[in-house]
Amino acid sequence: MTWSEMQPLLSEECWNTLYMVGWSTLIAIVGGLPLGVLLVLTDRGGLLQNVLANRVIGQIVNVARSMPFIILMVALMGFTRWITGTTIGREAAIVPLAIGAIPFFARLVETAVREVDGGLVEAVQSMGGNVWTVVRKVLVPESLPSLISSTTTTIVALIGYSAMAGTVGAGGLGDLAIRYGYQRFETELMWIIVGILAVVISAIQFAGDYAARSLDRRGGRSGPAPRLRLLKAKKPLAADVDTVA
Amino acid sequence: MITTSGLTKVYRSRGREVTALDGVDLHVREGEVYGVIGQSGAGKSSLIRCVNLLERPTAGTVTVAGQDLTALAGRGPRAGRDLRAARSRIGMVFQHFNLVSSRTVQDNVELPLEILGTSGKERSRKALALLDLVGLADKAKSYPAQLSGGQKQRVGIARALAGDPKVLLSDEATSALDPETTRSILQLLRDLNRQLGLTVLLITHEMDVVKSVCDSAALMENGRIVESGTVSDLLATPGSELAAALFPVGGDASAEDRTVIDVTFHGDAATRPVISQLSRTYNIDISILGAAMDTVAGRQVGRMRIELPGRYEDNVVPIGFLREQGLQIELVGAAAEARVLVKDGAK
């Protein structure tokens, strides 16, 4: 296969991957952020303490998190058809991708929001703020650097999931690597894709780390060098992808 | 200004009950600085949190500025509209400042105003005026992490004042600060109290705080208020633990045949040179074993432990002289026992 043959394939599938990951990330944030905040608020000692609701939400998140992505995709077929009218193609792949990512992101949000100092919550209450004020003025802004890191992690995990979206004909770089690189022995193309993925993921991680750090006002000192952070951050990310997919 | 009656708070966790407040009656008058002192676990934190109902008391009532807060709907975090409005009129400063790290100093001060729905222009005008008041006008655009502890607490105070409160609650506001900064923060609280007529209720575990700024004080132990009153009233109370702690005097008799007495100065007597008068009138040598004098609320108060030659029986007249001067006398050690013997003998 020559470069001129590969190039259109690569650019099209690159776009497909971005399309699927972009939309599902957006949906994951819209769904996962309130869910994660709710997990903290309803917990024992939280502002909206409701142990039953907390257990139910927590359990739903756990079940969704424990499902291998490929199974989730099959299990959600009925739902996907109801939403998009079809079970194949990239729009159809977005549904299970988003649904898989919502609980994943929600757990990360929960951890990030839990880090916020309880004294700040008390301070806002003493000023006469209600629960919504606390969420809007303190919990979300104060955990923003962590929330951005969580988003980065989610995007990288979604790129991993999206490789499996090829099984429902959604295309994407991962699918291209399987079909050409593995099934048609186009090893060169496969390595090119691996290279592209490595570059894309590094770039996303770098951008995420940079954004998180520049928003972090908690300490006066500057963080470790970006390159070091990149290397450190990759290890837990690989583990995350394994446990979810 | 602040009145609590029968305030009781019981925490229940896993079947165990802990009584943090046990029928606390507190009365803070308008315009005074009132200090509640006690060791950790005495219930101070619960008390101050019950005053603005961050913690809902198990029993009892809290009245602030004539409004019965306990009657307002809502429970703790899920406070109703009326309770939230009442809270916005009570400022609160915290031990660990509790500033929002992602906001600039000015935005932190504006936070309560945002909650009150003040317009943007008015918010920044007021925030800058308050920062000027606490001496941080040049730090408006800094972030809390760039400030020192004392500066952070000044921001905390400016923020607490944003809602024009009549009452300021201070939860160990100086406990995380060094002595020098503590003094400057206390001075600021004192100034605000005078300038704005602000009523301040502060809790602390440091006697120095009470000594340097408080008009009145209460001692808390095991969820109860053991003693309370204005600082000079407390001093006038024989055997007051708080007075003894505020003005500690030590020293033992240098020989067997000596009389040791504690003299408490308060009110007018403190301005007269009574000790030298005593020495001249009765021609006796007086040694001072220890003394703790201070200016509390603009008046000289304090205690002194002095030693008179001779046993108690020999010193009845000089002691009577001191009492006549309006001083309060407590006998220490052997002298106290001797007095009991003399009294018994008289019977």
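Where is the place of A:Arg217? It sits in the loop between helix H9 (187–215) and helix H10 (226–244) of chain A. Everything here comes from a predicted model, in which local features need pLDDT of at least 70, side-chain atom pairs count only at pLDDT 80 or more, and totals for chains, interfaces and linings use all residues. Residues are numbered from 1 along each chain as its sequence is written, while chains are lettered from A and ligands numbered from 1 in the order in which they are written.

**View 1. A:Arg217 and its contacts in chain B.** Helices (H or I, at least four residues) and strands (E, at least two) are DSSP runs, numbered from the N terminus. Buried or partly exposed? A:Arg217 counts as partly exposed because it has 19 C-beta neighbours inside 10 Å; buried takes 20 or more other C-beta atoms within 10 Å, exposed 12 or fewer, and partly exposed is in between, with C-beta atoms placed from the backbone. Setting aside neighbours within four places in sequence, A:Arg217 is in contact with B:Ser101, B:Ser102, B:Tyr143 and B:Ala145. Being in contact means that the C-beta atoms, placed from the backbone, lie within 7 Å.

**View 2. The side of chain B that touches chain A.** Here 22 residues of chain B are in contact with 22 residues of chain A. Helix H2 (81–88) and helix H3 (105–116) of chain B are the elements giving two or more residues to this side, and H2(B) gives the most, with 4 residues.

**View 3. Helices H1(A) and H7(A) crossing.** The axes of H1 (residues 3–41) and H7 (residues 131–162) of chain A come within 9 Å and cross at roughly 145 degrees. Those axes are lines fitted to C-alpha atoms over the stretch in contact, and angles run from 0 to 180 degrees between N-to-C directions. Among the residues of H1(A) that meet H7(A) are A:Thr17, A:Met20 and A:Val37; on the H7(A) side they include A:Val135 and A:Ser162.

**View 4. Strands E8(B) and E9(B) side by side.** E8 (residues 90–93) and E9 (residues 167–171) of chain B run parallel, joined by 4 bridges; strands pair if DSSP finds at least two bridges between them. B:Val93 stands opposite B:Ser170 in E9(B). From E8(B), B:Ile90 and B:Met92 point one way and B:Gly91 and B:Val93 the other way, and all are buried.

How values were computed
Contact = placed C-beta atoms within 7 Å.
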